[in-house]
Amino acid sequence: MTHVPESTLLKQPLSSPDSVRHHLTSDITRAVLAIQRHLLGVAREHLTDAGFVEMLPPIIGPVTDPGTRGSKQVDVDFYGHRYKLMTSAILYKQASLLTYDKIFYIAPNVRLEPLETTNTSRHLAEFHQIDVEMAGASRQEITGVLERLVRQIVSRVIADLPAELETLGRDPSAFESLVDQAFSTMTHAQALEKLRELGHVQNTDTEIEWAGEALLSSHLGRPVFVTDYPKGSRGFYDRESQTEPGLLRNFDLLAPEGYGELCSGSEREYDYTRIVSRIRETGENPAKYGWYLDLLREGIPASAGFGIGLERFTRYLAGLDSVWQASAFPKVPGVVSP
Ligand code: AMP
Ligand code: MG
C-alpha cells in the first residue's frame, strides 16, 4: 500500500478513511482554505493591478524542469510520445513572454519527492505555484514585485480574516515586522556562515540542506532573501553572474519561525548558446528540450521571475504544523491517500 515505514505512516493523518472525513469536515480545514482563497484572490488582484496578465499553465508537455533535489518526474503516454506532468512551468513562463511582457500563472506541479521528505513538514508530491515572470526585469526589480505582493497578501489576510486566524490560534502580531519593515537580504555564502555559527556545517557548493534551512529560518525575525546560489545547485535557466562566474543571479525567500523557503526566483538565462552549454554541464542532452531551444534560437526576451509555493505560503499564514494541512486532498510523498 505504501512505501513509508509504519511509524512514519502513523504521523500521516490522511492515511485512513476516517481521517480523510475528519480533515474535510474540520473547522480548521475550512479556516485554512478560506485563508488560501483570500491569498489567491488578493494575489490575482494585486498582480493584475501591477500590469501582469494571468495565463493558464500547461499540465503536460514533452519536457519539464529537470529539478535538482532528487524528485522524480511522472510520465504520460501522449499518443505514443513520452510526455511529462509539469514539475514547474518555467520553460513556458519564458515562452509566454513572447505574448505578454508581464505574466503569471497559478500552476499545478507534480513532483515525486524523495521519501526522506515525507517528514519535513514542507513537502507535497502535488502542489501549486504562483508563478510570475517579467520581461526585461533585474533581480532587484523582481524581488521588489515579490516583496510588495507578499506584504499585500499578508496585510489583507490579517485585516479581512481575523476570525479564521483566531480559529487557527495564529497571532497576527507574528507578521508585524513583515508588514512594517523591508525584508532583509543575505548571500548564500553568508547564510552558510550563519549556519556554521549555529552549529550546522555543510558543503558550500550545494543547496542549503532541509535541516539547515529550517534552522536558519527559525532564527529569523522577518522574511529574508537569500541570493547568489552556486551554479550546479539550481536549474540551467537561472542566470549566471557575468561579474562573479559560478554564482547565480537568483534568490529564495525564506519565511521566519522555521517555516523555511516560500519562494525561489531568478534572472533568467535566455541566450541559446549559453543555455545549451548550461544544459550540457548538468549532464542532460539538449535535444530533449527541442521546442524550447527552437524558440530560443530565434530569440526570447530577457526576464526575471519567481514561483511562490501556494501551500507553503498558506501554511505560514495559517501557522500550520505541516504543509499537508494546506490542501483539501494532500499528496504526502509516499503516503497513499485520496
Ligand atoms: P522550486 O522551483 O523547487 O524552488 O519550487 C518553487 C516553490 O514551490 C518553492 O519555493 C516552494 O515554495 C514550493 N515547493 C517546491 N517543492 C515543493 C513541494 N514538494 N511541496 C510543496 N511546495 C513545494
Ligand atoms: Mg526552491
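Helix 12 spans residues 310-318 in this predicted model. Leu 310, Glu 311, Arg 312, Phe 313, Thr 314, Arg 315, Tyr 316, Leu 317 and Ala 318 are buried in helix 12 (under 20% relative accessible area, with exposed over 50% and partly exposed in between; 1.4 Å probe, protein chains only). Because 9 of the 9 residues are buried, helix 12 is largely enclosed by the rest of the structure. Helices (H or I, at least four residues) and strands (E, at least two) are DSSP runs, numbered from the N terminus.

Two strands pair if DSSP finds at least two bridges between them. Strand 8 (residues 224-227) and strand 9 (residues 250-255) run antiparallel and are joined by 4 bridges. Val 226 lies opposite Asp 252 in strand 9.

Glu 261 (OE) and Ser 264 (OG) coordinate the magnesium ion (ligand 2) at 2.2 Å. Donors are N, O and S atoms within 2.8 Å of the metal (3.2 Å for Na, K and Ca); water is not among the atoms, so sites may look incomplete. Glu 261 is buried, with a relative accessible area of 14%. Ser 264 is partly exposed, at 24%.

Residues are numbered from 1 along each chain as its sequence is written, chains are lettered from A and ligands numbered from 1 in the order in which they are written. Local features need pLDDT of at least 70, side-chain atom pairs count only at pLDDT 80 or more, and totals for chains, interfaces and linings use all residues, while side-chain values use heavy atoms, with hydrogens and water left out.
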